[in-house]
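Here is a short report on one protein model.

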Amino acid sequence: MRAVELAKVAASAEALRLRRLARRQGLRAAYWAVAGVFAVAVFVLLHVLAYHLMVPHLSPTQASLVILVVDLVLAGVFAFLARRDVPDPVEKEARQIRQQALAEMKSSLTLTAMAGTAAAFLLGRWSSKPEVTIVGKRGTMRVVGKLAARLLARR
């Protein structure tokens, strides 16, 4: 029964991790989209700047240059935010919980299988007929009780 509970914990931790991963990737896509908008603005303003540089008036060129620098800075900030691919603490913890639950589940299943195999071997060796036992809390106690009784009867 513990293995089933551990499997449920592992599944819910994996679901949480995948939701957080999808959220993070969605944010990255949004940042890239915003960076793309500003990149288009930079491209347009480069054309406007080239136009204003051809005109001998200085004030429209200076205004266009200021807007261009601001757009470049904003595009750089959003590109930096989009490049970040760092899992948040909730995603990291969900991954650790999933890994721990899966490891404990494997350990629990291995221990249960070994106990069942050992009990079947010992019971099959000491009895004339093979017994089918249920391995669990009560089944294990029944096997241990039968083994103890047989060992005491042999002495």
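## A buried charged pair

Glu-91 and Arg-24 are both buried. This is a predicted model. The two side chains form a salt bridge, with an N to O distance of 3.0 Å. The pair links distant parts of the chain: Glu-91 sits in helix α3 and Arg-24 in helix α1, 67 residues apart. Side chains of opposite charge can pair when their charged atoms come close.

How buried is Glu-91? Its relative accessible area is 1%. Buried means under 20%, so Glu-91 at 1% counts as buried. The side chains of Glu-91 and Arg-24 are also joined by a polar contact of 3.0 Å.

## Around Glu-91

Glu-91 belongs to helix α3, which covers residues 89–126. Which residues does Glu-91 touch, leaving out those up to four places away in sequence? They are Arg-17, Arg-20, Leu-21 and Arg-24.

Glu-91 has another salt-bridge partner, Arg-95, at 3.9 Å from N to O. Salt bridges are counted within 4 Å, so the 3.9 Å between Arg-95 and Glu-91 qualifies. Arg-95 and Glu-91 are four residues apart in helix α3, so about one helical turn separates them. Is Arg-95 buried or partly exposed? Arg-95 is partly exposed, at 28% relative accessibility. Glu-91, at 1%, is buried.

## Salt bridges across the protein

How many salt bridges does the model hold? The count is nine. Some of them join up. A network of salt bridges links Arg-24, Arg-28, Asp-85, Glu-91 and Arg-95.

Glu-104 and Arg-2 make a salt bridge through their side chains, at 3.1 Å from N to O. Glu-104 lies in helix α3 and Arg-2 in helix α1 (residues 2–54), so this pair ties together parts that are 102 residues apart in sequence. Glu-104 is partly exposed, with 27% relative accessibility. The Glu-91 and Arg-24 pair, in contrast, has both residues buried.

## A nonpolar patch

Which residues make the nonpolar surface patch of about 320 Å²? Leu-65, Val-69, Val-73 and Val-77 make it. Val-77 is in helix α2, which spans residues 58–83.

Patch residues need over 30% relative accessible area. Val-77 has 41%, so this residue passes that cut-off. Val-77 counts as partly exposed.

## The whole fold

Now to the overall picture. The protein has four helices and zero strands. From the N terminus on, the order of elements is α-α-α-α. Buried residues account for 21% of the 155 residues.

Glu-91 and Arg-24 are 67 residues apart, and Glu-104 and Arg-2 are 102 residues apart.

The protein exposes about 11,200 Å². Carbon and sulfur atoms supply 69% of that area.

Technical notes
Residues are numbered from 1 along each chain as its sequence is written. This is a predicted model: local features need pLDDT of at least 70, side-chain atom pairs count only at pLDDT 80 or more; totals for chains, interfaces and linings use all residues. Side-chain values use heavy atoms; hydrogens and water are left out. Helices (H or I, at least four residues) and strands (E, at least two) are DSSP runs, numbered from the N terminus. Buried means under 20% relative accessible area, exposed over 50%, partly exposed in between (1.4 Å probe, protein chains only). Accessible areas come from the Shrake-Rupley method with a 1.4 Å probe; for residues, only the protein chains shown count as cover. Patches are made of residues with over 30% relative accessible area and no salt bridge: like charges are joined within 9 Å, nonpolar side chains (Val, Leu, Ile, Met, Phe, Trp, Tyr) within 5 Å. A polar contact is a pair of N or O atoms within 3.5 Å; within protein, one must be able to donate a hydrogen and the other to accept it, and residues adjacent in sequence count only if both atoms are side-chain atoms. Contact means heavy atoms within 4.5 Å.
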